[in-house]
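Subject: Structure handover

Hello,

Here is the structure I said I would pass on. My notes follow below it.

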Amino acid sequence: MEKVIGIDLGTTNSCVAIVENGTPVVIPNRGGYKTTPSMVAVTEAGKRLVGHIAKRQAITNAENTVYAAKRLIGRKWNSPQVKNAVATSSYRIVEGPHNDVRIVLRDKEFSVPEISAMVLQEMKVIAEDYLGETVSKAVVTVPAYFNDNQRQATKDAGEIAGLDVIRIINEPTAAALSYGFGRNIEKTVAVYDFGGGTFDISILEIGAHGVFKVIATAGDTFLGGEDVDARIIDWLVSGFKEEHGIDLRQDRMALQRLKDAAEKAKCELSSVRETEVNLPFIISSGRNEALHLQRTLTRQTLEELSDDLIERTVDICKQTLEDAKLGKDEVEEVVLVGGMTRMPKIQQSVQAFFEKEPNKGVHPDEVVALGAAIQGAALVDDKQEMVLLDVTPHALGIMTFGSYFEELIPQNTTVPTHRTKIFTTSRDNQTAVKILVMQGESQRAEDNELLGEFILTGLRRAPKGQVEIEVTFEINADGIVSVRAKDLETGLEQSIQVTATSGLTKDEIKSMMENAKDDLVDRRTSEEFEAAKQEAEKLIAEIEKLFPQVQQIVASSDFGRDAIEKAKAIVDKARAAIEKRDAAAVKEQIEGLTRTHRMFKGVVAKT
Ligand code: AMP
């Protein structure tokens with residue numbers, strides 16, 4: 001049977017595993033380590049280094065050593081996360097030609113999938129060395145909360161590395177697979193995954209006969225061990241500045257040493273109560289005098305520095321349980337995944353929240369790769385009885401008239417799935433519609449992630465609302481989205497596999513959103529609008545009829561002038577909302593209009 005490797009492509013470390021004779025095993029690298037740093041570097045001589053060897057030279061070659069590239073994968077240049085990385089990374093991050101992100105190593109620009117591909121290739125080679133044969137198929141894991149762009153980019157990285165990524169699975173789901181594999185248990189399990197760069201929580205039901213069903217998932221792709229390290233760095237830098245008046249951030253090499261020392265101190269404090277950060281010759285004072293950094297960090301200080309970050313993970317757990325409609329007592333087991341879960345404070349917080357001791361039986365660094373290998377083996381082995389039912393972490397939909405996000409597939413829907421909805425045109429004789437495909441939780445389209453767009457042209461000319469367009473969304477088992485739109489009358493059809501929208505600039509996206517006249521109108525929204533408009537127009541007409549009379553009566557009092565101004569403002573606002581065909585805004589004004597109308601009638605009746 002064909003061998004499929006499972007790769008946990010981590011922010012900090014990566015790990016590769018395989019199922020051998022029915023048992024999942026982690027494959028050690030040449031140095032005997034079971035995990036490999038997700039680091040890539042180019043030396044002065046132009047040599048490419050990956051893994052431990054890249055990590056070892058990171059301090060002396062900080063500008064040409066990439067770490068935590070996973071934080072950038074599938075992201076757009078102008079996203080806040082990229083801005084943050086540009087400000088804090090020791091390597092250079094620049095804008096690519098398609099509003100994407102490039103990393104500069106020795107004057108050569110690399111896309112993020114290219115960098116991740118180098119790590120994946122290293123994992124492939126580790127597996128091939130161990131197995132003594134070439135490997136071409138892999139299951140790669142991603143944080144559950146990754147959106148479509150990030151999943152696509154990860155798949156691209158696999159392709160660049162020469163791997164056929166037969167499935168992308170979510171990290172917490174992989175962890176649950178590994179936890180439940182071969183144990184024939186029936187349990188509701190929470191997987192709390194706090195890694196180097198991301199935090200994820202998933203709630204799963206493990207059923208008899210190898211059925212793994214995810215009920216809910218959530219997370220934060222910009223919350224991880226790196227943030228805890230950053231807090232320690234801040235603490236060290238500000239202490240040094242107080243003492244010597246020198247900002248260590250100005251020096252890339254000093255910063256890289258601080259980063260290393262911060263992570264080391266953090267890990268040590270998981271087993272001891274205090275540790276010394278000792279960095280001799282960290283910087284020169286400018287008077288030919290070298291300065292040293294020496295400070296003691298206690299576990300308690302570390303806990304204070306990272307308290308709000310840990311709290312954020314607990315808040316996300318709370319929300320996820322609510323989404324899953326489960327009480328804490330219904331979660332029978334809590335599985336800890338990710339290197340950060342070795343921190344005692346994190347274990348305590350998880351225990352306090354779920355009110356039970358977390359399971360420590362799985363190896364937090366290896367469990368995800370093992371799960372990926374289990375899934376890989378199941379995919380090529382027909383005899384394996386294992387069913388994995390994952391969910392989509394974000395709602396999917398399209399933008400409709402008025403910049404609304406119309407949801408087609410809700411968050412936490414089991415995948416693969418497809419949904420269809422019928423929309424109508426928003427203008428008379430509209431011959432084209434633009435479909436903007438989005439992912440996110442906000443009702444306002446612009447707050448969500450734009451995944452792609454396509455235009456369905458050649459519609460037959462008809463009055464607005466009479467051309468019916470059927471839009472179908474499909475999410476495959478990798479969590480990757482495709483969309484189809486069909487003119488129901490003519491059968492005309494267009495579809496796209498949604499790919500990263502790197503070709504679009506922020507301005508282009510904005511102008512697309514403003515230029516909404518060719519968008520579709522959801523029939524429901526449109527009916528809602530018409531009803532609200534009628535009610536509002538009736539009230540406005542009555543208010544305006546009473547206006548001259550009311551004005552005459554109250555003109556002499558201060559209160560009266562004020563009331564008239566307010567009434568005018570409400571009428572103006574309602575008119576503007578009608579103009580914009582904004583059903584929600586019109587509805588919002590109806591209450592004010594009703595109040596004004598009642599008041600006007602009262603004033604007139606009294607006289
Ligand atoms: P992962 O992405 O799962 O490989 O997790 C890596 C993160 O876990 C990094 O931020 C590490 O610094 C952190 N980590 C690893 N070991 C420990 C430890 N013993 N105590 C605290 N954090 C750790």
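Helices here are DSSP runs of H or I with at least four residues, numbered from the N terminus. Please keep in mind that this is a predicted model.

The ligand site

Helix H7, residues 252-268, gives the most to the shell around the ligand, contributing three residues. There are 13 residues around the ligand, and those that come nearest are Gly196, Glu263, Lys266, Ser270 and Gly339. Sorted by class, the shell holds eight polar, three charged and two nonpolar residues.

- Glu263: an N or O atom in the side chain is 2.7 Å from an oxygen atom of the ligand.
- Gly339: a polar backbone atom is 3.0 Å from an oxygen atom of the ligand.
- Arg342: a polar side-chain atom lies 3.1 Å from a nitrogen atom of the ligand.

On its own, the ligand has 500 Å² of accessible area, and the protein covers 86% of that.

Helix packing

Two packed helices are described by the angle between their axes and the distance between the axes. For helix H5 (residues 171-180) and helix H10 (residues 367-380), the angle is about 80° and the axes are 7 Å apart. Angles of 65 to 115 degrees count as roughly perpendicular, so H5 and H10 are roughly perpendicular to each other. From H5, the contact is made by Glu171, Ala174, Ala175, Leu177 and Ser178. From H10, Val367, Val368, Leu370, Gly371, Ala372, Ile374 and Gln375 take part. By class, this contact of H5 with H10 has eight nonpolar residues, three polar and one charged.

Asp220

Asp220 is found in strand S15, which spans residues 211-220. The side chain of Asp220 reaches the backbone nitrogen of Phe222 at 2.8 Å. Leaving aside residues up to four places away in sequence, Asp220 touches Tyr145, Thr198, Phe199, Arg312 and Ile316.

Backbone points

Most residues other than glycine have a negative phi, and most peptide bonds are trans. Two places in the model depart from this, as follows.

- The peptide bond from Val415 to Pro416 is cis, with omega near -5°. Pro416 is found in the loop between strand S22 (414-415) and strand S23 (417-424).
- Asp107 is a residue other than glycine with a positive phi, near 70°. Asp107 lies in the loop between strand S9 (101-105) and strand S10 (108-111).

Regards

Conventions: Residues are numbered from 1 along each chain as its sequence is written. Side-chain values use heavy atoms; hydrogens and water are left out. Axes are lines fitted to C-alpha atoms, for helices over the stretch in contact, and angles run from 0 to 180 degrees between N-to-C directions. Helices (H or I, at least four residues) and strands (E, at least two) are DSSP runs, numbered from the N terminus. Angles under 35 degrees count as roughly parallel, over 145 as roughly antiparallel, 65 to 115 as roughly perpendicular and the rest as oblique. Contact means heavy atoms within 4.5 Å. Ala, Val, Leu, Ile, Met, Phe, Trp, Tyr, Cys and Pro count as nonpolar, Asp, Glu, Lys and Arg as charged, and the others, Gly among them, as polar. A residue is near a molecule or strand if one of its heavy atoms lies within 4 Å of it. A polar contact is a pair of N or O atoms within 3.5 Å; within protein, one must be able to donate a hydrogen and the other to accept it, and residues adjacent in sequence count only if both atoms are side-chain atoms. Accessible areas come from the Shrake-Rupley method with a 1.4 Å probe; for residues, only the protein chains shown count as cover.
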